Amino acid sequence: MARRFSAPYQSEPFSRLATWARNLAAFSVIAVIVSILIVRFGFLEMKPALATFFGALGCAGLSILIGLLGFAAIWHNGTRGMSRILLAFLIDALVLAYPAYLAVQYRRLPPIHDITTDPINPPPFEALAQLRTGDGTNTAVYAGLYSAEQQQKAYPDIEPVELQIPVERAYAITLKLVHKRKWLVIDERAPQPPRRIGRIEAVARTPIMGFREDVAIRAVPDGDDSRVDIRSSSRYFESDLGSNAARIAKLSDDLNAAAEADALKPVKKASPPPPPKGKGKGAKTVSAKVNAKTKKR
């Protein structure tokens, strides 16, 4: 080790293991980016995208193993390459951090993918049902009693959104929030009480990989108030790792906040119509005549 800090150390060759560790780490980053592009832009089917992604994770893991072997070799024979190994470890940590978090979520959360505020009568997928018929996609039919029980245990706060505003305003606010999130709206129907309810069907994306998750929203009147039910379901995979519940919870919070702000808006008073031309002058003339008659009396 003493040679490392002397001039002759600079003439030592780089460890081949250190170089391999760095190159594999760089390749894993490229493979992850390619897999994300495949999913987001639909270049290939889901299976090749997942194979590319897990291959990238395998390269990152192999890079760590080779880096450890390279570190032992450098310590033993004094060759160079420690900086390459440290760079490889940094890249590998960045590549593996988010998948490691998802692995923890997979162990912690139940294997369900269909979350709704109304398990008894969930908002149905009508227009979206045509998009959930490909190979490996989940059915458009609600997952049923087992999913409802698991949802109640894992996400007890997922409940219908009760708003103290008319259903027309509730629907307009909901649609505005959907567009603000840049979800792809597939179908929208404004409510027409008392018969037709308000419906919105849209496609959301997960933050990083961009997996498609379908959302159905129903707005119905509740007396003078309104009720909004939300359903969010992953198009692929048996477990959503909590993404659908988080989406519904955030939308519910935003709906409550927007409805409260809308209810607090002051009602604008209608300004009185301007008097017709000559009305004031005529009124003065009539008043003068009345006063003159009174004086004569």
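Modeller: The protein chain has seven helices and six strands. Helices (H or I, at least four residues) and strands (E, at least two) are DSSP runs, numbered from the N terminus.

Colleague: What kind of model is it, and how are residues numbered?
Modeller: It is a predicted model, where local features need pLDDT of at least 70 and side-chain atom pairs count only at pLDDT 80 or more, while totals for chains, interfaces and linings use all residues. Residues are numbered from 1 along each chain as its sequence is written, and side-chain values use heavy atoms, with hydrogens and water left out.

Colleague: In what order do the elements of the protein chain run?
Modeller: From the N terminus on, the order is α-α-α-β-α-β-α-β-β-β-β-α-α.

Colleague: How much of the protein chain counts as buried?
Modeller: Of its 297 residues, 40% count as buried. Buried means under 20% relative accessible area, exposed means over 50%, and partly exposed is in between (1.4 Å probe, protein chains only).

Colleague: Let's go to salt bridges. How many does the structure hold?
Modeller: The structure holds 13 salt bridges. The term means a side-chain nitrogen of Lys or Arg within 4 Å of a carboxyl oxygen of Asp or Glu.

Colleague: Why would such side chains pair at all?
Modeller: Side chains of opposite charge can pair when their charged atoms come close.

Colleague: Give me an example. What does R247 meet?
Modeller: The side chain of R247 meets that of E213 in a salt bridge, at 2.7 Å from N to O. R247 lies in helix α6 and E213 in strand β5 (residues 212-222), so this pair ties together parts that are 34 residues apart in sequence.

Colleague: Are R247 and E213 buried or exposed?
Modeller: R247 is buried, with a relative accessible area of 12%. E213 is buried as well, with a relative accessible area of 3%.

Colleague: And what about R235 and D214?
Modeller: Their side chains meet in a salt bridge, also given as 2.7 Å from N to O. R235 lies in the loop between β6 and α6 and D214 in strand β5, so the pair ties together parts that are 21 residues apart in sequence. Both R235 and D214 are buried.

Colleague: What about R199 and E201?
Modeller: The side chains of R199 and E201 meet in a salt bridge of 3.1 Å, N to O. R199 is buried, and E201 is too.

Colleague: Which residues are linked in a network of salt bridges?
Modeller: D118, R218, R227 and D229 are linked that way. D229 lies in strand β6 and counts as buried, at 1% relative accessibility. The C-alpha atoms of D229 and I217 are separated by 5.7 Å, and the two residues are 12 apart along the chain.

Colleague: Staying with strand β6, what does R231 do there?
Modeller: R231 is found in strand β6 and counts as buried at 2% relative accessibility. A polar contact of 2.8 Å joins its side chain to that of D114. A polar contact is a pair of N or O atoms within 3.5 Å; within protein, one must be able to donate a hydrogen and the other to accept it, and residues adjacent in sequence count only if both atoms are side-chain atoms. A polar atom of the R231 side chain also lies 3.2 Å from the backbone oxygen of P123.

Colleague: What does the side chain of S226 reach?
Modeller: The side chain of S226 reaches the backbone oxygen of I165 at 3.0 Å. S226 is found in strand β6, and at 1% relative accessibility S226 counts as buried.

Colleague: I165 again, then. How far is its C-alpha atom from that of E260?
Modeller: The separation is 8.6 Å, with E260 and I165 95 residues apart along the chain. E260 is found in helix α6 (residues 243-263) and counts as exposed at 52% relative accessibility.

Colleague: Now the surface. Which residues form the nonpolar patch?
Modeller: L17, L62, L65 and L69 form it, with about 330 Å² of accessible area together. Patches are made of residues with over 30% relative accessible area and no salt bridge, where like charges are joined within 9 Å and nonpolar side chains (Val, Leu, Ile, Met, Phe, Trp, Tyr) within 5 Å. Accessible areas come from the Shrake-Rupley method with a 1.4 Å probe; for residues, only the protein chains shown count as cover.

Colleague: Which helix gives the most to the nonpolar patch?
Modeller: Helix α2 (residues 46-77) does, with three residues. L65 is found in helix α2 and is partly exposed, with a relative accessible area of 48%.
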